[in-house]
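Biologist: I'd like to learn how to read a model like this one. Could you walk me through it, feature by feature?

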Amino acid sequence: MIVDSRHQDRDKLYQFGITKLGKTSRENIKILENHLFHLKMNEDYVINSYKEVEELVQFLNGNG
């Protein structure tokens, strides 16, 4: 499911990511925030779906 880039929709992706994080360290939370709210490519956010958030969280949980 792709989410609109409006801030409230990005907040839903953020909350989803936080609940999936096994290790809610300050560093992991900051990485999630950066990927959702700051990183863009061609004026579009890098992460735009629940699946992409889940993939990032799986990476963080496996490497944290």
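Predicted model: local features only at pLDDT ≥ 70, side-chain atom pairs only at ≥ 80, totals over all residues.

Biologist: Which residues is Asn28 in contact with, beyond its neighbours within four places in sequence?

Modeller: Contact means heavy atoms within 4.5 Å. By that rule, Asn28 touches Leu21, Lys23 and Leu60. A polar atom of the Asn28 side chain also lies 2.9 Å from the backbone oxygen of Lys23.

Biologist: And where does Asn28 sit in the fold?

Modeller: Helices (H or I, at least four residues) and strands (E, at least two) are DSSP runs, numbered from the N terminus. Asn28 belongs to helix α2. The protein has 3 helices and 2 strands, in the order α-α-β-β-α along the sequence.

Biologist: Which residues make up the largest nonpolar core?

Modeller: In soluble globular proteins, nonpolar side chains tend to be buried together. A nonpolar core is a set of buried Ala, Val, Leu, Ile, Met, Phe, Trp, Tyr and Cys residues joined through side-chain atoms within 4.5 Å. Here the largest has 11 residues: Leu13, Tyr14, Leu21, Leu32, Leu36, Phe37, Ile47, Val53, Leu56, Val57 and Leu60. The elements giving two or more residues to this core are α1 (7-20), α2 (26-37) and α3 (50-63). The most come from α3, with 4 residues.

Biologist: Which residues of α3 are buried, and how should I read their placement?

Modeller: An α-helix has 3.6 residues a turn, so residues three or four places apart point the same way. In α3 the buried residues are Val53, Leu56, Val57 and Leu60. They cover an arc of only 100 degrees (taken from the directions from the helix axis to the C-beta atoms), so they lie on the same side of α3. On the other side of α3, the exposed residues are Lys51, Gln58, Phe59, Gly62 and Asn63.

Biologist: What does Leu60 contact, again leaving aside neighbours within four places?

Modeller: Leu60 is in contact with Leu21, Asn28 and Ile31.

Methods:
Residues numbered from 1 in each chain as written. Heavy atoms only, no water. Buried < 20%, exposed > 50% of the residue type's maximum accessible area, 1.4 Å probe, protein only. Polar contact = N/O pair within 3.5 Å; in protein donor to acceptor, adjacent residues only side chain to side chain.
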